[in-house]
Amino acid sequence: MDAEGFVEVVLPGKVAPEGLRIRRGTVPVAGPGQVVIRMEATGVSFAEQQMRRGRYYDQPPFPFVPGYDLVGTVLSAGEGVGPGLIGTRVAAMVKVGGWASHVCVDAADTVPVPDGVGAAEAETLVVNGITAWQMLHREARVRAGQTILVHGVNGGVGSVLAEFAHLAGVKVIGTASARHHDALRERGIVPVDYHTEDVAARVRALAPGGVDAVFDHIGGRSVVDSWHLLAPGGALVSYGTASTRDDEGSKQWPVIKLLGRVWLWNALPNGRSACFYNVWAGRALAKDRFRARLRADLTEVFDALLRGDVTVRIAARLPLARAGEAMRLAESGTVAGKVVLTP
């Protein structure tokens, strides 16, 4: 294929969004067990915002191509891959490399996107949907009649998590800016303003016996407060250190400190549990099991989308060549939903 056929976005180092570079080249060739996906949609997630600052805890050395996940059509397949995949729409989670017109991945890491689900719609739910589903059902194991607290309930993961919780018959208390409260109430969520209210005091007033689970992406001081809000037998699911996004110094230290706290809390004899959720956990040790679980859970997420049980919020669609603008928009905090990149 001609050199014009392939485009990717390169993160050259710690740069402003405008410092992202566009590189053109040749379309990759699928190796044994691999497929080449023609990207139809990829997105700007919190991971890329951290990577741009050199703050994502296991990012590769600069320069590299960011892009946590993508949805597209299988263009070609390597040796050992059945021809049935070619021409089908699939989703893949790659951690890096998704911001490209064509992406080469192991065929076993692709998950079929059902007919009737658009590429951009599916893209908004790859990493956000799998994270919400697994935290709710595999980590916290929520049950009907329970009450949970979701920090950042208006965010990409938080909004999907709240919808899955409602489907399971669970009451949701969510923190968000006041401007989102009316919309949250319409969705059956009890909102708490983290700017003006004492979150811990407000949650205690709403759930005097404590909440059955807290989902915390903030880290730092917030995660300590979250632990103290749990009811006996409750579960804390921590899944990020957003409060340290703009910090200097070690990017590993906030995570190490958090893991230390989790270990200590789990050693306490009070029936509560804590975990640090990582969507990649288990992949290195049991790849086949990891892939089977990912496929099963992401299929549940796509089926929920197909049934209309979850709503998709696309903040903006921008072409890949305007990735810097897309990242600036995603980081602005002024948009609701996911910023999606298209070829």
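These legends accompany several close-up views of a predicted model.

**View 1. Helix H3 meets helix H4.**
Here we look at the place where helix H3, residues 127-139, packs against helix H4, residues 156-167. Two packed helices are described by the angle between their axes and the distance between the axes. For this pair the angle is about 50°, and the axes lie 8 Å apart. An angle of that kind makes H3 oblique to H4. The crossing of H3 past H4 is right-handed.

**View 2. The residues that touch between H3 and H4.**
Which residues in H3 meet H4? On the H3 side they are Asn-128, Gly-129, Thr-131, Ala-132, Trp-133, Met-135 and Leu-136. On the H4 side, look for Gly-156, Val-157, Val-160, Leu-161, Phe-164 and Ala-165. Sorted by class, the contact of H3 with H4 holds nine nonpolar residues, four polar residues and no charged ones. As you trace a helix, keep a handy rule in mind: an α-helix has 3.6 residues a turn, so residues three or four places apart point the same way.

H3 is mostly covered, with 10 of its 13 residues buried. Among the buried residues of H3 are Val-127, Ile-130 and Gln-134. Trp-133 and Met-135 are also on the buried list, and both take part in the meeting with H4. Just after H3, find Arg-141, which takes a positive phi of about 50°.

**View 3. An open sheet of six strands.**
Follow the strands of this open sheet in the order S10-S9-S8-S11-S12-S13, and you will find parallel pairing. Which strands form the edges? They are S10, residues 190-193, and S13, residues 273-276, and each pairs on one side only. Neighbouring strands of this sheet are turned by 15° against each other on average, ignoring direction.

**View 4**
Strand S9 covers residues 171-176 and pairs with S10 in the parallel sense over four bridges. Is S9 mostly covered or mostly uncovered? S9 is mostly covered, as five of its six residues are buried.

Helix H7, residues 221-228, lies across strand S11 (211-216), strand S12 (230-238) and S13. H7 runs at about 155° to S12. Arg-221 belongs to this helix. Why does Arg-221 count as exposed? Its relative accessible area is 58%, and exposed means over 50%. How far is Arg-221 from Trp-99? The two are 122 residues apart in sequence and 34 Å apart in space, C-alpha to C-alpha.

**View 5. Antiparallel partners of strand S4.**
In this view, strand S4 (residues 69-77) is joined to strand S3 (residues 34-44) by seven bridges, and the two run antiparallel. Look for Arg-38, whose bridge partner in S4 is Thr-73. S4 is also joined to strand S5, residues 89-93, by five bridges, and this pair runs antiparallel too. Here Asp-69 stands opposite Met-93 in S5.

Terms used. Residues are numbered from 1 along each chain as its sequence is written. This is a predicted model: local features need pLDDT of at least 70, side-chain atom pairs count only at pLDDT 80 or more; totals for chains, interfaces and linings use all residues. Side-chain values use heavy atoms; hydrogens and water are left out. Axes are lines fitted to C-alpha atoms, for helices over the stretch in contact, and angles run from 0 to 180 degrees between N-to-C directions. Angles under 35 degrees count as roughly parallel, over 145 as roughly antiparallel, 65 to 115 as roughly perpendicular and the rest as oblique. A crossing is left-handed if the near helix is turned anticlockwise from the far one by less than a right angle, and right-handed if clockwise. Contact means heavy atoms within 4.5 Å. Ala, Val, Leu, Ile, Met, Phe, Trp, Tyr, Cys and Pro count as nonpolar, Asp, Glu, Lys and Arg as charged, and the others, Gly among them, as polar. Buried means under 20% relative accessible area, exposed over 50%, partly exposed in between (1.4 Å probe, protein chains only). Two strands pair if DSSP finds at least two bridges between them.
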